Amino acid sequence: MNIFGFLFGCILLFFMKTDALAYTIVLDPGHGGENMGGMYEEYVERELTMKVARSMKAELEKYEDVTVYLTHTDIETDMSLEERVDYAVSKNADFLFCLHFNLSISHILFGSEVWISSEPSMYAKEYPFASILMNEFVQMGLHDRGIKTRLNDKGIDYYGILRHATDNNLPCALIEHCHMDEERDAPFIGLDAKYEKFGVVDATAVAKYLGLKSKELNKDYDGYELPKIAVPLNRVKPDYTEPDYISIETKSLDKETGNYVFTLSATEYDSALCYYSVSTDGGETFSKLYPFPKEKDTIEVELTLEGGTFPQILCRVYNNYDLYGESNMLELESVPTREEEVTTQTEQKKEEEPDLSAYQMMDSTIANKQNSNQDEELGMVYFLGVAAVVLGSLLFTVLICASVIERANRKRKRRRKRQKPKAYWEEDNFL
């Protein structure tokens with residue numbers, strides 16, 4: 001009897017130990033049913049999250065001592081946030097992972113972020129996983145937008161899934177894998193293989209966090225060192241202020257090429273630096289956002305200045321919560337680039353040395369016109385000359401004829417005076 005009791009106790013301890021080492025994971029593909037989630041061009045969030053969830057589940061099931069469930073298995077299922085949490089609680093889940101994709105109103109943000117509970121005990125449990133996952137995303141090439149909290153008007157968690165999970169003492173993380181609407185995140189989406197890749201990365205982060213093993217994958221994360229974090233004394237609030245310090249300083253300026261380099265320094269005490277942008281017109285317009293390296297507080301920025309302008313350099317630096325501050329302004333003299341100098345010199349040369357071919361064509365046209373005018377003038381002179389000669393000749397002939405007639409008349413009159421006049425009937429007409 002004692003032997004049977006001993007054996008029974010050993011078997012019971014064995015199953016208790018095995019059960020103690022097993023983990024239950026619930027994956028929640030964001031949105032579903034009429035709730036499409038984010039939509040941008042051909043992307044629909046509920047479709048993307050389901051692809052990642054299925055890949056993540058398949059990868060996690062390759063590890064030992066883990067059971068994985070999905071809150072729903074098709075995109076047409078519509079569940080409330082409470083129903084999703086309740087489902088995970090009903091499965092005695094050790095962790096609930098909510099899968100999402102992001103987009104911004106202005107379509108300028110890019111990178112990955114993880115939202116966790118602001119409640120101190122939950123924050124301490126969730127932060128190590130979020131840190132491991134973010135490191136995996138960075139290794140993929142995604143930008144780190146931070147591990148963040150958000151509060152509502154009541155001063156508790158803003159996101160309902162986190163709020164309800166915390167109320168049920170269930171650790172939870174809301175994962176925004178990347179943005180669907182920004183060019184620098186575009187390489188990470190678009191093909192099924194890329195969503196499968198996200199699923200594998202998510203599962204790997206979970207395996208490291210829980211210390212899982214997989215003979216199939218030949219991986220053993222037992223004893224994996226988790227990021228250390230103390231339980232906060234109070235609720236972890238988001239950062240409501242812009243970066244604390246921003247400054248720029250000229251490093252070099254090449255007047256021949258217009259190449260300009262300046263240093264950008266920034267400090268953020270409450271969260272982390274995330275992006276920066278540059279203005280060359282004193283803040284009228286700004287460039288697109290560029291990633292600010294997490295491990296640095298001073299970077300070098302290189303620009304090519306446009307010729308014919310008077311650059312006024314100004315920078316904005318953003319933190320993880322998309323709040324920005326502005327730097328001091330640097331006013332520079334106008335510096336033409338080499339290309340613009342060559343263009344200017346060429347234009348000046350053209351002004352000093354005009355295009356001879358064009359002028360030759362113009363001269364030829366003028367010459368032809370002058371020759372034509374000259375020919376017309378010569379023809380008119382010739383015509384007038386001939387007419388004058390003809391008229392002169394006619395006039396001379398008329399004068400001679402008139403003179404001859406006049407002389408003849410005079411002679412006739414003289415003869416008549418010397419002769420006796422005849423009677424009327426003696427005229428020749430009556431002979």
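This briefing describes the strands, helices, cores and aromatic pairs of one structure.

The structure is a predicted model, in which local features need pLDDT of at least 70 and side-chain atom pairs count only at pLDDT 80 or more, while totals for chains, interfaces and linings use all residues. Residues are numbered from 1 along each chain as its sequence is written, and side-chain values use heavy atoms, with hydrogens and water left out. Helices (DSSP runs of H or I, at least four residues) and strands (DSSP runs of E, at least two) are numbered from the N terminus.

**The six-stranded sheet**

- Six strands make up an open sheet with mixed pairing, in the order β4-β1-β5-β8-β6-β7; two strands pair if DSSP finds at least two bridges between them.
- The edges are formed by β4 (66-70) and β7 (144-148), each of which pairs on one side only.
- On average, neighbouring strands of this sheet are turned by 15° against each other, direction ignored.
- Three bridges connect β6 (residues 112-115) with β7 in the parallel sense, and S112 has D144 in β7 as its bridge partner.
- Helix α3 (residues 81-90) lies across β1 (23-29), β4 and β5 (95-102), and runs at about 160° to β1. Axes are lines fitted to C-alpha atoms, for helices over the stretch in contact, and angles run from 0 to 180 degrees between N-to-C directions.

**The three-stranded sheet**

- An open sheet with antiparallel pairing has the strand order β11-β12-β15.
- Because β11 (245-254) and β15 (298-304) each have a single partner strand, one side of each is left without a neighbour in the sheet.
- From one strand to the next, the twist averages 25°.
- Strand β12 (residues 259-267) runs antiparallel to β15 and is joined to it by seven bridges; T263 stands opposite E300 in β15.

**Nonpolar cores**

- In soluble globular proteins, nonpolar side chains tend to be buried together.
- A nonpolar core is a set of buried Ala, Val, Leu, Ile, Met, Phe, Trp, Tyr and Cys residues joined through side-chain atoms within 4.5 Å. Buried means under 20% relative accessible area, exposed over 50%, and partly exposed in between (1.4 Å probe, protein chains only).
- The largest nonpolar core has 44 residues, and those with the most contacts inside it are I25, L60, F97, F101, F129 and F198.
- At least two residues of this core come from each of β1, α2 (45-60), β4, β5, α4 (120-140), β8 (172-179) and α6 (192-210), with α6 giving the most, nine residues.
- Leaving aside residues up to four places away in sequence, L60 touches I25, L27, V66, V68, A203, V206 and L212; contact means heavy atoms within 4.5 Å.
- A second, separate core has 19 residues, including I248, L264, V278 and F292.

**Aromatic pairs**

- The structure holds 19 aromatic pairs. Rings of Phe, Tyr and Trp (its six-membered ring) pair if their centres lie within 6.5 Å; planes under 30 degrees apart count as stacked, over 60 as edge-to-face and the rest as tilted.
- F95 and F97 are stacked, at 4.4 Å centre to centre with 5° between the planes, and both residues are buried.
- The ring centres of F95 and Y209 are 5.5 Å apart and the planes stand at 90°, so this pair is edge-to-face. F95 in strand β5 and Y209 in helix α6 are 114 residues apart, and their pair links distant parts of the chain.
- Ring pairs link F95, F97, F129 and Y209 into a cluster.

**Cysteines**

- The count of disulfides (pairs of cysteine sulfur atoms within 2.5 Å) is zero.
- C274 counts as buried because its relative accessibility is 0%, and C315 is buried with a relative accessible area of 0%.
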